[in-house]
Amino acid sequence: MKSWQMMLAAVGLVLCSCGRDTRPALHVYNWSDYMNPDILAQFEKENTCRVVLDNYDSNEAMYAKIKAGATGYDLIFPSSYMVSIMNQQGMIQPIDHSKIPNIQYIDPDFLHLTEDPEMHHSVPYMVSVTGLAYNKTRIPDAVASWNMLNREELAGRITLLDDMREVIGAALKTKGYSLNTTNEAELTEAVEVIREWKKHIAKFEADEYQQGIASEEFLLCQGYNGDVMQIMAENDNIGFLLPKEGASISSDDMVIPADAREVDLAHQFINFIHRPDISAANMEYVYYYSPNTEAVKLVGEELRSNPTVFLSKEDMQRCEIIKDLGESNRLYARLWDGIKSE
Amino acid sequence: MMSRNPRRMLARIGELQVLLVPPALWLLLFFLIPVAVILAFSFTKTNGQGGILLDFTMEHFKRALDPLYLKLLGRSAMYAGLSTLISAAMALPAACFIAFSPPKRQKLLLFLVFLPLWTNLLVRLFSFVVILSDGGLLNQALQTFSLTTEPLHLLNTPFAVILGFIYWNLPYMIPPIFVSLDRMNVSLIEASMDLGAGRMTTFRKIILPQAAPGIAAGLVLCFIPALGCFIIPDILGGPDTMMIGNLITSQFGQGRNWPFGSALSSLLMLLVMLAITLYLRFFNPATQSANGKR
């Protein structure tokens, strides 16, 4: 009898707790560990809603899931190149600027590098650049150049990203070309550059280079500034260089899927994320640059003076966004397969 | 009690076929249908952005036959073949030792063979990184005993990949050989020795034919997974050790070309099926030894 009553009580409790939360829910699909949890709690409080988080670890995984019919997300954070793909395929909806007054703070210097400078269907969230992480004591004469990848004495202790656009892009920049070129002659030159680099590298590595450079297994790694910042926070001996020839810059953008249910709430969330105080608190947590001119002024001095996170205007202008190349992707894929299978 | 009426017995066997339904359903749902989907995908066009267009094309198979990719296939077969053969050479003496041990020790040894499988392969591969890296345990030991002055570059090389495969293969190679030797009548060895055959002759003429079916099973069990493997070259390999499995994986991710990845998978499956069929037809030691006795 007693256990029967207990069971009933338990079922009742579960039912109650389900029924009680009538607040609207905003379903956010984001990279993991990429937002300050405090600001999420604050958003829930200010707007009497719930934020339900789901994470992905690659643009392709996210795209495949949405393409396969996953619905119910109200806000997604793809990288710019994936934003254009999703836009071309009608997977996301236009942004209503009237609902996002804070959009005025978005850094115009950054916006004009992007593929959606009018913020028609996407609003930048965080910006990252690709450069070189290096071991300060073992490479005392480091220079900010991709040519460091040719150093004989570092052979076997270098990694390149396992990413076709990043590696070919770095080689194109070394030769002074655009990293979105589709000119075959330029690409052939870039492949020659990579062939030289490949003689010195330990491997193509996209996931474990952080661990490798922290443990001194690798001394020089092509990597993303945000990733490297995480190691630098714990290890003074690691530095980050933005090559003077230029590099790739990219942003993860906020987009609203075409089938979103809480469209208004999603707009409110974008507006909230770019409220200067919130954006600053978020930057202090994730160590990435959010292109919000007002928020940057509110960030603590220590972070603001960090050149790895906050690029100078000149640095930023030397960078280029990796664009989706449509049909020419095949050309890159062919070259990349050739480089990797040699 | 079974009825002696043959007709009723047949009916009983018919009823028993119901037992085949769950595994058949399972295979249909999780093996045949996915394979059919992959096969179908490999004839579709890609929209260049990771999507699939339902148009028939053979372009992916044509592309797969490019020398570039055939070279990858050749390298994969070489790594998988070499590591499988070395594993077999290592597993045969071990299996003999286990088979001829007293039952108690036999149990313990078999337990030790299976022990590595209790840990996830990924974790075990990262321990190889710790051992093989330039500043790793092996190099530290070599330098401590002054056997080398400069660290040996072992990690991120074909050597590390093949080593990884051998390590991965052994728990799948020893048991089948053990099983075929375990059934063997030990007095055959005594008889052979008594009749004047040396150790080598006894091994060649008595033990090896007995072990042959086990070796054959082990070769197949190890070679096929190694051929399509991508984790081991990914973690232990370097810039020059890409295998066909890595290429396929990348088509489903960054390459954003599912049809090409599917075509490569289909081609790999076809090759494996062809090889196994030929192998069973012409070169199966199991049937050979059975026939040889007659």
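Biologist: In which handedness of crossing does H4(B) pass H10(B)?
Modeller: This is a predicted model. In it, H4(B) covers residues 67–99 and H10(B) covers residues 199–228 of chain B. The crossing in which H4(B) passes H10(B) is right-handed.

Biologist: Is H4(B) parallel or oblique to H10(B)?
Modeller: The two helices pack with their axes 9 Å apart and at an angle of about 140°. Angles over 145 degrees would count as roughly antiparallel, and 65 to 115 as roughly perpendicular. The angle of about 140° therefore makes H4(B) and H10(B) oblique.

Biologist: How many residues in the contact of H4(B) with H10(B) are nonpolar?
Modeller: On the H4(B) side the residues include Ala77(B), Leu85(B) and Cys96(B), and on the H10(B) side they include Phe203(B), Ile215(B) and Leu227(B). The contact has no charged residues and three polar ones. The nonpolar residues number 16.

Biologist: At roughly what angle do the axes of H4(B) and H8(B) cross?
Modeller: H8(B) spans residues 158–182, and its axis comes within 6 Å of that of H4(B). This crossing is right-handed. The contact holds 23 nonpolar, four polar and one charged residue. The axes cross at roughly 40°.

Biologist: Which three residues supply 42% of the area that domain 1 of chain A buries against domain 2 of chain A?
Modeller: The C-alpha centres of the two domains lie 27 Å apart. In the contact, 15 residues of domain 1 meet 13 of domain 2. Together the domains bury about 1200 Å², with 66% of it on carbon and sulfur atoms. The three residues that supply 42% of the domain 1 share are Leu113(A), Tyr287(A) and Tyr288(A).

Technical notes:
Residues are numbered from 1 along each chain as its sequence is written. Chains are lettered from A and ligands numbered from 1 in the order in which they are written. This is a predicted model: local features need pLDDT of at least 70, side-chain atom pairs count only at pLDDT 80 or more; totals for chains, interfaces and linings use all residues. Side-chain values use heavy atoms; hydrogens and water are left out. Axes are lines fitted to C-alpha atoms, for helices over the stretch in contact, and angles run from 0 to 180 degrees between N-to-C directions. Helices (H or I, at least four residues) and strands (E, at least two) are DSSP runs, numbered from the N terminus. Angles under 35 degrees count as roughly parallel, over 145 as roughly antiparallel, 65 to 115 as roughly perpendicular and the rest as oblique. A crossing is left-handed if the near helix is turned anticlockwise from the far one by less than a right angle, and right-handed if clockwise. Contact means heavy atoms within 4.5 Å. Ala, Val, Leu, Ile, Met, Phe, Trp, Tyr, Cys and Pro count as nonpolar, Asp, Glu, Lys and Arg as charged, and the others, Gly among them, as polar. Domain bounds come from an automatic or database domain assignment. Buried area is the accessible area (1.4 Å probe) that two parts lose on being put together, summed over both.
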